[in-house]
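Okay, thanks for making time, everyone. Let me put the structure up and then walk you through it.

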Amino acid sequence: MTRLQDAQSAVDAIWTTLPLSGEHAMFVSEKALLFGAYTPRPTSTFKPGETLLTYIEPVGYAWAPAADGLFAFGVSLDFEILTPDGKILAGQKNFLSYATASHAKVKELMLTASLNLDGFPAGSYVLHYTLRDLESPKIADIALPFQIAD
């Protein structure tokens with residue numbers, strides 16, 4: 001094994017002990033085309049009818065052995081729109097799902113989710129995501145407060 005392979009094996013071992021989480025979960029100004037190539041939105045206040053665009057980097061998901069020596073991995077995303085006191089106004093299970101397989105234990109996975117809240121009145125809300133690992137029972141919660149302006 002090369003030094004690089006040894007280092008990668010050590011990183012893989014640490015990764016498997018991590019809880020599932022959504023790193024760099026934020027509202028963004030435009031859809032990211034690559035992992036890490038996001039533009040944070042300067043504010044969490046949206047105009048009525050404006051699309052909420054979010055970027056999330058899942059961390060700690062599992063890899064499962066698949067056919068031909070590949071590693072299967074993936075995540076799904078549920079969402080809820082809540083009032084600040086926790087009342088659920090809208091939501092959808094399995095709103096977004098990504099699953100694939102690779103020869104490598106890929107750690108650079110990103111999700112970009114788009115929500116249109118046309119018709120929601122001005123006010124304060126919370127976008128709550130439930131991130132689910134497709135290859136393990138790991139689950140993570142992500143909460144992004146936002147406002148719709150008058």
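**Overall picture**

So, of the 150 residues of the chain, 37% count as buried, and buried here means under 20% relative accessible area, with exposed being over 50% and partly exposed in between, using a 1.4 Å probe and protein chains only. Before I go on: this is a predicted model, where local features need pLDDT of at least 70 and side-chain atom pairs count only at pLDDT 80 or more, while totals for chains, interfaces and linings use all residues. Residues are numbered from 1 along each chain as its sequence is written, and side-chain values use heavy atoms, with hydrogens and water left out.

The chain has one helix and nine strands; these are DSSP runs, H or I of at least four residues for helices and E of at least two for strands, numbered from the N terminus. Reading along the sequence you get α-β-β-β-β-β-β-β-β-β. The C-alpha atoms fill a box of roughly 60 × 30 × 25 Å along the principal axes. If you take contacts with a separation of 6 or more, 66% of them are between residues 24 or more positions apart, where contact means heavy atoms within 4.5 Å. And the accessible surface of the chain is about 8300 Å², with 57% of that belonging to carbon and sulfur atoms; that's Shrake-Rupley with a 1.4 Å probe.

Let's look at an open sheet of three strands, in the order β1-β3-β7, with antiparallel pairing. Two strands pair if DSSP finds at least two bridges between them. The edges are β1 (21-27) and β7 (111-116), each pairing on one side only. On average, neighbouring strands in this sheet are turned by 25° against each other, direction ignored; the axes are lines fitted to C-alpha atoms, and angles run from 0 to 180 degrees between N-to-C directions.

**Salt bridges**

How many salt bridges does a search of the whole structure find? Three, taking a side-chain nitrogen of Lys or Arg within 4 Å of a carboxyl oxygen of Asp or Glu.

Start with D12 and K107, whose closest N and O atoms are 2.7 Å apart. This one links distant parts of the chain: D12 is in helix α1 (residues 3-17), K107 is in the loop between β6 (88-102) and β7, and they are 95 residues apart. D12 is buried at 13% relative accessible area, and K107 counts as buried too, at 18%.

Next, D78 and R132, at 2.8 Å between the closest N and O atoms. D78 sits in β5 (residues 71-82) and R132 in β8 (residues 123-133), so this pair ties together parts that are 54 residues apart in sequence. D78 is buried at 5%, whereas R132 is partly exposed at 26%.

Then there's R41 with E50, at 3.1 Å. R41 is buried at 19%, and E50 is partly exposed at 26%.

Last bit. D68 is in the loop between β4 (64-65) and β5, and it's exposed, at 71% relative accessibility. N94 also has a positive phi, near 50°, but N94 is in strand β6 and is partly exposed at 45%.
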